[in-house]
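Please keep the sequence and the structure in view while reading.

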Amino acid sequence: MTGTVSKIIHFHDEEEFLDDMSAAMERFSYLASKYGHNPIEGVLLWDYVGVRDEEGIKIFRVGEFPYFEGTLKVDLETLRVMERYFDEMESKWDELRVEDIAYFVEMLNEALGEERVYYEAYDLGLDRNTAYIILNIANLHYLESVLDGRDREIFEEAVELLMRYV
């Protein structure tokens, strides 16, 4: 896409990173609702997995499967197969690597008989304490040029949070 930059971000504290990115995205989303331009087009962590159901693709972290179980629109048999594989991955959390997740996803799709689960972090070269971010620089410049007052402060707060990592 024109005006976008993709970058792998390294961080030391995953929870702090997630808090900072949530705060930045909240601020940019607020500004986008008023001005129509969001600079953050996507963030992908090393343990994000996509699952295709009847409604589309839903993204969640490996350890969050029990929380998403009720939101997935799939038949019970498919859900149980996915649950077994995700429980296995979660049981090995401390030693889990991107290669392991990629392997589990491959085996899970084979057990399901279709490609229903997606894992992009391995192909992107991510690892623990890394994330892939897509920034729209054109949207960032646009917002910078039109904001003033309190919206300018919100923008600057969001940029400050983002710049800790970029």
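Helices (H or I, at least four residues) and strands (E, at least two) are DSSP runs, numbered from the N terminus. The model is predicted, and local features need pLDDT of at least 70, side-chain atom pairs count only at pLDDT 80 or more, and totals for chains, interfaces and linings use all residues. Residues are numbered from 1 along each chain as its sequence is written, and side-chain values use heavy atoms, with hydrogens and water left out.

**Helix α1**

Helix α1 comprises residues 14–35. The expected span of a helix is 1.5 Å times one less than its number of residues. The 22 residues of α1 should therefore span 32 Å, and the 31 Å between its end C-alpha atoms agrees with this. After α1 comes G36, which has a positive phi, near 80°.

Buried means under 20% relative accessible area, exposed over 50%, and partly exposed in between (1.4 Å probe, protein chains only). The buried residues in α1 include F17, L18, M21, F28 and L31.

N136 belongs to strand β6 (residues 130–136). With a relative accessible area of 7%, N136 is buried. A polar contact is a pair of N or O atoms within 3.5 Å; within protein, one must be able to donate a hydrogen and the other to accept it, and residues adjacent in sequence count only if both atoms are side-chain atoms.

| Side chain | Backbone nitrogen | Distance |
|---|---|---|
| D13 (oxygen) | E15 | within 3.1 Å |
| N136 | A138 | 3.1 Å |
| N136 (polar atom) | N139 | 2.8 Å |

The contact of D13 is at the start of α1.
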